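User: I am new to this structure and would like to learn how to read it, feature by feature. Could you take me through it slowly?

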Amino acid sequence: MDINATMKKMTLEEKAMLCSGLNDHFTKPIPRLDIPSVDVEDGPHGLRKQMGEDTLGRHPGTCFPSDVALASSWNPDVARCVGEALSRECLAADVSVLLGPAMNIKRSPLCGRNFEYYSEDPFQSGTMAAAYVQGLQSQGTGACMKHFAANNQEFLRMHIDAEIDERALREIYLTGFEIVVKEAHPWAVMAAYNRLNGAYCTESRRLLTDILRDEWGFDGIAMSDWGAVNIREDALAAGLELEMPTSGGYGDRRIVAAVREGRLQEEVLDVAVERMLRFIDKATKAKRDVNVDRQSQHAAAVKAAEECIVLLKNDRNTLPLKKQGIIAVIGGMAETPRYQGGGSSNVAVEQVDIPLEEMRGRAGDAKVLYAEGYVTERNDIMFQLVVPECPCEYPDGQRIAEAVSAAKKADCAVVFAGLPESYESEGGDRKHLRIPEGQTALIEAVAAVQPNTVVVLNNGAPVEMPWLGDVAAVVESYVCGQGFGRAVSRVLFGEVNPSGKLAETFPKSLSDTPADFPALAPDLETTIYREGILVGYRYYDAKEIQPLFPFGHGLSYTTFAYSGLRLGSDAIFDDETLEVALDVANTGEMAGAEVVQFYVAKQGTAIFRPVAELKGFAKVFLKPGETKQVSVHLPPRAFSWYDPEKASWVVEAGGYEIRAAASSRDIRAVAVLTVSNRTPEMPRFDRNSSIGSVIRHPAGREVMHKLLEGFVATSFMNQDGQDPAVLTDVILDRFSDMTLKSLKMLSAQTPMEVVDHLVDALNKAVNR
Ligand code: BGC
């Protein structure tokens, strides 16, 4: 497309119309100028192409593990393969952009849409999402990262104001998006419904232009979440090119009027139109002669799911199951698994692997008994709207008795449980962290008669497990896509060694969680992120709260030994990248994969910062007895914090620990590093500077020491005739939180000029 020539031919009305949708999912074509329409569809873990006017009429698609599960693989290659497979379906269905990845931070486990989000950690989230975007776009389908930004709750999501301090915004809520923009160059971003610090995200120039484009270099288009635009001309001026879906021409008319009335410069519209044309041009270049082989897509979904499943607990090596004796499979979710979440991401699947059938198929000589235990909710939103209560909300005495009798006869019991769709979905948050009471009662009853009870969970976010101490093993499989049934049965029987780890903390109870979540106070229309940067493990570590399962936790059927942690250098400057390597050995008897996590912890920090932060990870596959090296590099950003006063990332000089860990609470090796500032910061002291901040600088300490020593030697403080030099040091440290001004209090005769001279002398000395 000759973009310049096309733009010259466009009327004002045509320019405006290009900036909004034709209908639910298409952009507007302009046949006169050969501008085609482009199809943008949901996303993220399957293609949900809408057919016709009926919102429930959908093109069949493969349902891959949702983002919570993908994140648990800790393998960017898995996310990349899922992106590639999805891209094939999009190309075949003439879809140009898939609306994903969804990558908001899991601020609270209550958020109803957590199943669609990756992690509580921005580095983990951004790294996994970037790989997904690379996979998708490498085949010719664009990605649209969403929801930008701070859409961390579903309650009042259309207008809630997320009030977030600048540091938390940068360090926690924006970093993931930044990683995706810089590493994967997504074609599009979706501006969230909510407000952020007072401004609607769709109208925030700061977000859409200053940060996204000017700071990060984003070169795609920004579209609104569906129906998120308020004042169309303001959104356009802020940097929102595309309003979705159609506004029936209303938004276009507002743009035209604003230009005519001089409230909006036509050049602003031109910039948006040019970006739209580039986007459309790119979208129409993809080769679409792709055949989708449903079987290989399904196989890809199974393979991905196998890496996502997390083994949380496995006492006495209860798992893998033996293919002999009697196995009692219990729970309606074994027949009707919950393999995807509810809402815009819901895919119309053609094939679903049923766990019970898959287990029967690979049980070998074992006899499989089945008891329903509870009635499962139908995974059907229309059904749930008319049935007010989940059928397993209350214990079902008869079904539980049948399950107990099966469990008694068996050598082990595998109970399938978790969250029904009505408990968590787009558009609503959870009120508590419990699974339905009917399932809790079932697990407790089965565990009371069967010591080898295994619980398999399907859920999109953490749940409380009051029965954890009574069961032998727990498998967290999240909402793991249409291949879940096969994947989980292969894990249960040891055909696949589990290798997933949690990308979020499982708290013991809701009261342990960091966020003061608004669902508990429904009258609030502002959510104040009071916990600041202490999100997820950052909070549990800072408050020394023992979680149920920590961030990064996941077991294997084999064991791994870490050794030889080594740094490229033990001293670097703040603009250098550190290479880190470690050897990992498989010390067990089964092939398996280990996710090694690298946390950076500042020693003796002068600022408020998390105890340790994830800054690198690597997954390594090892045969029994095999050792391999894993390595990561830690760029300056890994040591930085965001200083709102300077409006920039700052590396604090000093000592750092590099921790190689199997989870955030299982540190296996530590190496120490010194980071120096290439251009040390020049401090400026004044009367109200603390003595502590002065004596941290050797030159400052020297000046203070000289000044005080004479005074100390002769003052009442030296009654015992101590060495004045030693005593001076003691006094300086003891009074480090007092200000320079307060030195005047040492003696009534000290005039304020002395303090002024001291301030001058200090500034000269430390800046020399
Ligand atoms: C959701 C988006 C989705 C869009 C289109 C919105 O309600 O928040 O994630 O992509 O609908 O279906």
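**Aromatic rings**

Analyst: A search of the whole structure finds 12 aromatic pairs, where rings of Phe, Tyr and Trp (its six-membered ring) pair if their centres lie within 6.5 Å, and where planes under 30 degrees apart count as stacked, over 60 as edge-to-face and the rest as tilted. This is a predicted model, in which local features need pLDDT of at least 70 and side-chain atom pairs count only at pLDDT 80 or more, while totals for chains, interfaces and linings use all residues. Residues are numbered from 1 along each chain as its sequence is written, and side-chain values use heavy atoms, with hydrogens and water left out.

User: Which residues do ring pairs link into a cluster?

Analyst: In general, a pair of aromatic rings is described by the distance of the centres and the angle of the planes. Here the cluster is made of W74, F123, Y537, F551, Y599 and F617. W74 also has a positive phi of about 50 degrees, although it is not a glycine, and its place is in the loop between α3 (67-73) and α4 (76-92); helices (H or I, at least four residues) and strands (E, at least two) are DSSP runs, numbered from the N terminus.

User: Which charged end sits over the ring of Y562?

Analyst: A charge sits over a ring if NZ of Lys or CZ of Arg is within 6 Å of the ring centre and within 35 degrees of the ring normal. For Y562 the charged end belongs to R668, 4.9 Å from the ring centre, and R107 lies over the face of Y529, at 3.9 Å from the centre of that ring.

User: In what order do the strands of the open sheet lie?

Analyst: Strands of a sheet pair through backbone hydrogen bonds, either parallel or antiparallel, and two strands count as paired if DSSP finds at least two bridges between them. In this model 4 strands follow the order β7-β6-β4-β15, with mixed pairing. The edge strands, each pairing on one side only, are β7 (199-200) and β15 (526-528). Strands β4 (residues 161-163) and β6 (residues 195-196) run parallel and are joined by 2 bridges, and D161 has R195 as its bridge partner in β6.

User: Which residues surround the ligand?

Analyst: A residue is near a molecule if one of its heavy atoms lies within 4 Å of it, and the residues around the ligand include D42, R113, R157, Y193, D225 and E426. The protein covers 92% of the 310 Å² of accessible area that the ligand has on its own, as given by the Shrake-Rupley method with a 1.4 Å probe.

User: Where is P101?

Analyst: P101 lies in the loop between β2 (97-99) and α5 (122-138), and the peptide bond from G100 to P101 is cis, with omega near 5 degrees.
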